Amino acid sequence: MTPELDPVIHAQARLRVVVTLNTLDEGDQITFPGLKDLLGMTAGNLSVHLGKLEEAGYVEITKAHRGRTPVTYVALTRRGRLAFEEYTAAIRTLLDMTAAPPSGDA
């Protein structure tokens, strides 16, 4: 049986976001501009993808102030980390399936 890939994570831009956020320690966060710069994405594009990830419960977006300057922080939630672990396990299974010789009749 072929494993299902999480469609929320599987979109290329969202996969890049999740992979990047997964490199942070649990509980750590990154500023929106920092994430945008790391990924080389436009603010609008990143916002759309973060919205989808937040809707799924995979990221947490926190708005705060640094002095008088508003700042937006982004973090991967525990649910997001688990979803990413399941996604990578599914990818590994798919890759293992392609490496194994076919079974059954030829």
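Reader: Which exposed residues does the face of α3 turned away from its buried side carry?

Author: That face carries Asp37 and Leu38; exposed means over 50% relative accessible area, buried under 20%, and partly exposed in between (1.4 Å probe, protein chains only). The model is predicted, so local features need pLDDT of at least 70, side-chain atom pairs count only at pLDDT 80 or more, and totals for chains, interfaces and linings use all residues. Residues are numbered from 1 along each chain as its sequence is written, and side-chain values use heavy atoms, with hydrogens and water left out.

Reader: Which residues of α3 are buried?

Author: An α-helix has 3.6 residues a turn, so residues three or four places apart point the same way. In α3 (residues 32–39), the buried residues are Phe32, Leu35 and Leu39. Viewed down the axis of α3, the buried residues fall within an arc of 65 degrees, so they line one face of the helix; the arc is that of the directions from the helix axis to the C-beta atoms.

Reader: What covers the buried residues of α3?

Author: The cover includes α2 (12–22), β1 (30–31), α4 (43–55) and β3 (69–76). Helices (H or I, at least four residues) and strands (E, at least two) are DSSP runs, numbered from the N terminus. Contact means heavy atoms within 4.5 Å.

Reader: What is found at the start of α3, and what just after it?

Author: At the start, a side-chain oxygen of Thr31 comes to within 3.1 Å of the backbone nitrogen of Gly34. Just after α3, Gly40 has a positive phi of about 65 degrees.

Technical notes. Polar contact = N/O pair within 3.5 Å; in protein donor to acceptor, adjacent residues only side chain to side chain.
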